[in-house]
Amino acid sequence: MKIKKILVSQPKPSSEKSPYFDLEHKYGVKVVFRPFIKIEGLTSREFRQSKIPITNHTAVIFTARAAVDHYFRLCKELRFNVPDTMKYFCVSETIAHYLQKYIIYRKRKIFYTETGHADALLPLLAKHNKETYIYPVSDVHEQKLHIPEDGSIKFTKAIMYRTVSNVIGNDEEFDYDMIILFTPSGVKSLLQSFPHFEQGNIAIGAMGAKTIEELKNHGLRLDLTTSPKAPSIAAAMDKYIAEHVDDPDEPRTVQERFPIPEPEPEPEPEPKVEEPKAEEPKKEEPKAKAKAPAKKAAAKKAPAKKTAAKKTPAKKATATKKAEPAKKAAPAKKATATKKAEPAKKAAPAKKATATKKAEPAKKAAPAKKATATKKAEPAKKAAPAKKATATKKAEPAKKAAPAKKATATKKAEPAKKAAAKKTTKKAEK
């Protein structure tokens with residue numbers, strides 16, 4: 001059987017460099033991406049019930065992009081501002097670059113493995129053994145990272161999201177030649193969508209020990225998986241597609257591949273025989289006959305309304321005839337009012353001109369009056385310094401005579417002072 005259509009139970013890759021697209025170009029197959037499971041985040045109320053203090057950790061371990069999304073979502077709902085000092089340990093470089101959606105990418109606080117294996121993180125975690133780690137996971141998860149529980153690395157495993165089956169509807173086409181499964185939940189979702197699933201010639205590929213175990217528990221055949229020669233699931237698909245040929249008789253639709261047994265038909269109930277009913281005698285309807293004359297009388301009264309309708313146009317015509325003279329007279333009244341207003345408009349500029357002519361002599365005389373007032377004030381200004389000079393000259397002899405008078409007064413007072421001093425001495429001697 002040649003592989004033509006493949007169902008990959010994962011979301012479609014965002015990058016065009018995915019190996020699945022290389023398979024399409026190489027073999028001409030069609031790859032459909034249809035997740036078998038949905039991821040739902042725990043609410044903040046549900047997370048609080050776990051009693052994990054999200055603020056007491058200094059580093060985070062990420063093994064999936066879903067863990068990144070739900071960690072930052074819960075931090076926002078719990079009103080916890082993630083500090084800039086927080087360190088992030090990622091299982092691959094792809095997840096490390098995905099952190100740019102929420103934080104500024106800095107090499108000194110983001111660490112990742114070069115191989116992409118979870119166990120390769122252990123040396124990095126042991127190197128930073130002073131950190132307290134939080135490890136976001138799903139409710140159903142594979143134990144990828146085996147952290148020793150001897151206390152050398154302090155960590156808390158926190159369930160932040162859950163996986164739910166994404167059931168395939170009956171209206172969806174299921175004409176796939178190969179199905180690729182990645183989780184045990186994907187196997188359960190497939191069997192939940194098709195309870196009577198029969199594998200037949202459909203090739204099933206699985207990745208992970210728990211997924212393969214789940215397949216075998218339900219009696220399904222494993223056709224391809226990873227190996228040392230095919231380390232990735234895409235490489236295993238490449239090898240398997242190259243080895244198979246086409247089978248034209250293979251059924252393509254859901255109904256053909258998984259026929260549902262029809263329920264047994266229920267016995268039909270016996271038809272009931274109805275007895276014929278006796279016909280009732282018809283009764284006469286006297287009321288309908290009595291109403292007929294009333295309708296005729298109403299029809300006779302109808303012409304009166306028509307006459308009333310004819311009268312209304314005549315009244316309207318007379319009203320319009322009365323209003324016409326008033327309409328014709330209105331323009332004439334308006335014209336006379338404008339003619340009366342014209343002389344007043346013409347006289348207004350003349351009055352304004354006469355007022356300006358009368359005001360001009362007063363304006364011209366004002367500078368002359370101001371000049372005469374200044375001329376009269378000039379002699380008084382000139383005489384004021386002369387008066388001040390004469391006053392100072394008269395005051396000078398008085399100033400000079402004042403010291404002489406003071407000296408003569410002191411000379412006259414000296415004998416009196418000496419006589420008073422002698423009297424005091426004589427009294428003292430006695």
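Start at Thr-113. Select Thr-113 in this predicted model; its place is in the loop between β6 and α5 (122-127). Thr-113 is buried, because its relative accessible area is 6%, and buried means under 20%.

Along the sequence, Val-91 and Thr-113 are 22 residues apart. In space, their C-alpha atoms are 5.7 Å apart. Now show side chains. The side chain of Thr-113 reaches the backbone oxygen of Val-91 at 2.5 Å. The Thr-113 side chain also reaches the backbone nitrogen of Gly-116, at 3.2 Å.

Leaving out residues up to four places away in sequence, Thr-113 touches Cys-90, Val-91, Ser-92, Glu-93, Ala-120 and Leu-121.

Now bring up the largest nonpolar core. This core has 41 residues. Which of them touch the most other members? Select Ile-54, Phe-62, Tyr-71, Tyr-88, Leu-99 and Met-160 to see them. Then colour the elements that each supply at least two residues of this core: the strands β4 (59-62), β5 (87-90), β6 (110-112), β7 (132-138) and β8 (154-165), and the helices α3 (65-77) and α4 (93-98). Stop at α3, which gives the most to this core, with seven residues.

Last stop: another core lies apart from the largest one. This second selection holds 20 residues, among them Ile-3, Val-29, Ala-230 and Met-237.

Notes
Residues are numbered from 1 along each chain as its sequence is written. This is a predicted model: local features need pLDDT of at least 70, side-chain atom pairs count only at pLDDT 80 or more; totals for chains, interfaces and linings use all residues. Side-chain values use heavy atoms; hydrogens and water are left out. A nonpolar core is a set of buried Ala, Val, Leu, Ile, Met, Phe, Trp, Tyr and Cys residues joined through side-chain atoms within 4.5 Å. Buried means under 20% relative accessible area, exposed over 50%, partly exposed in between (1.4 Å probe, protein chains only). Helices (H or I, at least four residues) and strands (E, at least two) are DSSP runs, numbered from the N terminus. Contact means heavy atoms within 4.5 Å. A polar contact is a pair of N or O atoms within 3.5 Å; within protein, one must be able to donate a hydrogen and the other to accept it, and residues adjacent in sequence count only if both atoms are side-chain atoms.
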